[in-house]
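I open this notebook to record what I looked up in one structure, entry by entry. My plan is to go from the whole chain to single residues.

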Amino acid sequence: MTLDIDSVRITKPRDVRPAAENLRAIVSGMMDFRIAPCHNIASKQPMLDADGNILATSVFGWTEESADRWWRMPRLALVSPLPTACRYESEPFWCNAEGFRTAAHNPLLDAIDITNFERRGLSPASIVIPVHLPFGQIGAASFVPRDRSHTDLSAEFAEHSDTLGLLMRTFISGYVRVMCEPERVPIGPALSKREVECLRWAAVGKTDYEISLIMARSRATVRFHMHNASMKLDAVNRSQTLFKATQLGYIGLHS
């Protein structure tokens, strides 16, 4: 099968519904799974078409009467092991009550609680595509077998995970671009080396005085760099400065 990636690409609101219908058709030709897409695991808002119709019910075949109304459950991102795993993994994975499987082992997934997996994840097994977007936003799509007794998804994952990843990254990133309010992140002068160094130490809990000792600079100099970084990032306090610097990739987990 030739993959027409442009058929799921979204460039304007009116593209959303046909792109979703094309996505459903492509996946149906690959395997008998339902699609559960989410543009932001931290948001209560379901994915909608340009007319305000919920894609889960109007396109992807889920019903309001079903027990697994995942788009109506704002706490799902907190209690389900699937979105939890998406915070620690950026590549496709599949999972069931026995754990998570990835192409390359991720030990962080081993620590995730999978007790009562089916009840908490609303499915006995799923292929999941995390979609990590700019500014720290995480989208995801779960592919759930219609046959609930089918819990070994290793064959489908091996054959289709790369294609599903390409499809969902294209679909969800396009949706976010045209249907969601953009993050208010300033685009201006880059942070200097000293500003980034101060922010990195602040991010691990160091005070201005401690940073001044580490960098062999005066406390006033550290405050100067922190203030400049705050102004460049249009931040109102230290916490927001660190948050925005992290969003833009100036500081990270191993800073």
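The entries below begin with the ground rules and then turn to the fold, the core, the aromatic pairs and a few residues.

**Entry 1, ground rules.** I am working from a predicted model, in which local features need pLDDT of at least 70 and side-chain atom pairs count only at pLDDT 80 or more, while totals for chains, interfaces and linings use all residues. Residues are numbered from 1 along each chain as its sequence is written, and side-chain values use heavy atoms, with hydrogens and water left out.

Along the principal axes, the C-alpha atoms fill a box of roughly 65 × 40 × 35 Å. Of the 255 residues, 46% are buried, where buried means under 20% relative accessible area, exposed means over 50% and partly exposed is in between, with a 1.4 Å probe and protein chains only. The accessible surface comes to about 13600 Å², and carbon and sulfur atoms hold 52% of that surface; the areas come from the Shrake-Rupley method with a 1.4 Å probe, and for residues only the protein chains shown count as cover.

I then took the contacts, meaning heavy atoms within 4.5 Å. Among those between residues at least 6 apart in sequence, 64% join residues at least 24 apart.

For the charges, I noted 29 positive and 28 negative side chains, with the centres of the two sets 10 Å apart. Lys and Arg count as positive and Asp and Glu as negative, leaving out His and the chain ends, and each charge is placed at NZ of Lys, CZ of Arg, CG of Asp or CD of Glu.

Which residues have the most contacts inside the largest nonpolar core? In this core of 44 residues they are Leu23, Phe60, Ile127, Phe143, Met168 and Phe171, a nonpolar core being a set of buried Ala, Val, Leu, Ile, Met, Phe, Trp, Tyr and Cys residues joined through side-chain atoms within 4.5 Å. At least two core residues each come from α1 (16-30), β1 (33-38), α2 (55-58), β4 (125-132), β5 (138-145) and α7 (154-179), and the largest share, eight residues, is supplied by α7.

Rings of Phe, Tyr and Trp (its six-membered ring) pair if their centres lie within 6.5 Å, and planes under 30 degrees apart count as stacked, over 60 as edge-to-face and the rest as tilted. By this rule I count two aromatic pairs. The rings of Trp62 and Trp70 have centres 5.9 Å apart and planes at 85 degrees, so this pair is edge-to-face. Phe93 and Phe100 also form an edge-to-face pair, at 5.7 Å centre to centre and 70 degrees between the planes. For burial, I read relative accessible areas of 4% for Trp62, 16% for Trp70, 0% for Phe93 and 14% for Phe100.

His39 sits in the loop between β1 and α2 and is buried at 6% relative accessibility; its contacts beyond four places in sequence include Gln45, Leu133, Ile172 and Tyr175.

Val59 lies in the loop between α2 and α3 (76-79) and counts as buried at 3%. The C-alpha atoms of Val59 and Arg24 are 7.6 Å apart, although 35 residues separate the two along the chain, and Arg24 is among the residues that Val59 touches, as are Arg17 and Ile54.

Thr170, in helix α7, is buried at 11% and, beyond four places in sequence, is in contact with Ile5, Val8 and Arg9.

Is Asn116 buried or partly exposed? Its relative accessible area is 47%, so Asn116 is partly exposed. Leu122 has a positive phi of about 60 degrees without being a glycine, and is placed in the loop between α6 and β4; at 17% relative accessibility, Leu122 counts as buried.

Note on methods. Helix = DSSP H or I, 4+ residues; strand = E, 2+ residues; numbered from the N terminus.
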